[in-house]
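I opened my notebook next to this model and looked up a few spots. Here is what I wrote down, in the order I went.

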Amino acid sequence: MWGIIATWRMAAEGVEKASEMLAKNGDAGDAIETAIRDVEDNPYYKSVGFGGLPNEEMEVELDAGYMDGNTFDVGAIAAIKDFANPISIARRLSKEKVNCVLVGEGAEKFAHKEGFERKNMLTDRARIHYKNRVKEVREQELKPYAGHDTVGMVCLDTTGKMVSATSTSGLFMKKQSRVGDSPIIGSGFYVDSKVGGASATGLGEDLMKGCISYEIVRLMKSGMHPQEACEKAVHDLDQELKERRGQAGDLSLIAMNNKGEWGVATNIDGFSFVVATEKEAPVVYLAKVVDGHTVHEPASQEWLDEYMRTRMAPVVEK
Ligand code: SD4
């Protein structure tokens, strides 16, 4: 059995490539890295890699995490600038026994010494989005944190190896050096090949409060199906946050167990995700909340067409 599940529609092309590798008995680590690099390289996806939206200082600072569910090797980088593929740096760091989580300048030095490709990650499109947002925020005091999609994935290969990984530019207009959940083990990602894995997207500051990816793996370990585990973890954290703090940020989670069964839960409407397994060709699903439960259905062709159209539409300076 093999399988891969990923957050957001933007992962579809990468998941397709990964599923071809997995079907030929490819390694889960290679497949997930290929899939995430595909998203990082796409200039039209505004929240991951090249074309990702900048922080308050108009710098694109990127976070990524990688975990191997066989060995528990973990690597992560945070607030790194000017490197093309954060996921590959995180994966490379996972091979280190110590110093496997690096931030900012130190992460850049490591990547430089290891020969990773340097790239100015700020595109003209992203610069225009930045300038427009600065104006909007100034004029209307809009919350600068809306519209942010991290790519997170869990992957199972035919040997039973599982991996989990994330890559993101974090929140648009975040403070310089701000780190979200995505490179934090247990929050943005977690995986144990004996059980399964999970990955998160949403408001990092809130996702971290529940160590939510670990929590889902823990629930699966206690016997829950990934769907049940995701729903319980998301529902409980959402409730606790509302009770204690009056509100909960966006929380969307995906999970897969080591049988290739998968689950998803969200507290928002319109969370898209992508799944491919030995039994199902890559499908983009849309999830929403109905009566406190997450329900999902394959996205319509109309929705898929509209998605690409809006991503690729010209951006104009206001
Ligand atoms: C963060 N969790 O940096 C990320 C952002 C994200 O969907 O996932 N947005 O907080």
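This is a predicted model: local features need pLDDT of at least 70, side-chain atom pairs count only at pLDDT 80 or more; totals for chains, interfaces and linings use all residues.

**Entry 1: Gly75.** I then looked up where the residue sits: Gly75 belongs to strand E3, which covers residues 74–80.

Next I asked myself which residues Gly75 is in contact with, leaving aside its neighbours within four places in sequence. I found Ala64, Gly65 and Tyr66, and also Ala90, Leu93, Ser94 and Cys100. I checked one C-alpha to C-alpha distance as well: Arg92 is 17 residues from Gly75 in sequence, and the two are 7.1 Å apart in space.

**Entry 2: strand E5.** I moved on to E5, residues 151–156, and wondered how many of its 6 residues are buried. The count came to 6 of the 6, so the strand is largely enclosed by the rest of the structure. I also sorted its residues by direction: Val151, Met153 and Cys155 point one way, while Gly152, Val154 and Leu156 point the other way, and all are buried.

**Entry 3: the partners of E5.** I looked up E1 (residues 3–7) and found it antiparallel to E5, with 4 bridges joining them. Here Ile4 stands opposite Cys155. E6 (residues 162–168) also pairs with E5 in the antiparallel sense, over 6 bridges, and I noted Ala165 of E6 as the bridge partner of Met153.

Last, I visited the hairpin of E5 and E6, where 5 residues lie between the strands. I jotted down Gly160 there for its positive phi, near 95°.

Key
Residues are numbered from 1 along each chain as its sequence is written. Side-chain values use heavy atoms; hydrogens and water are left out. Helices (H or I, at least four residues) and strands (E, at least two) are DSSP runs, numbered from the N terminus. Contact means heavy atoms within 4.5 Å. Buried means under 20% relative accessible area, exposed over 50%, partly exposed in between (1.4 Å probe, protein chains only). Two strands pair if DSSP finds at least two bridges between them.
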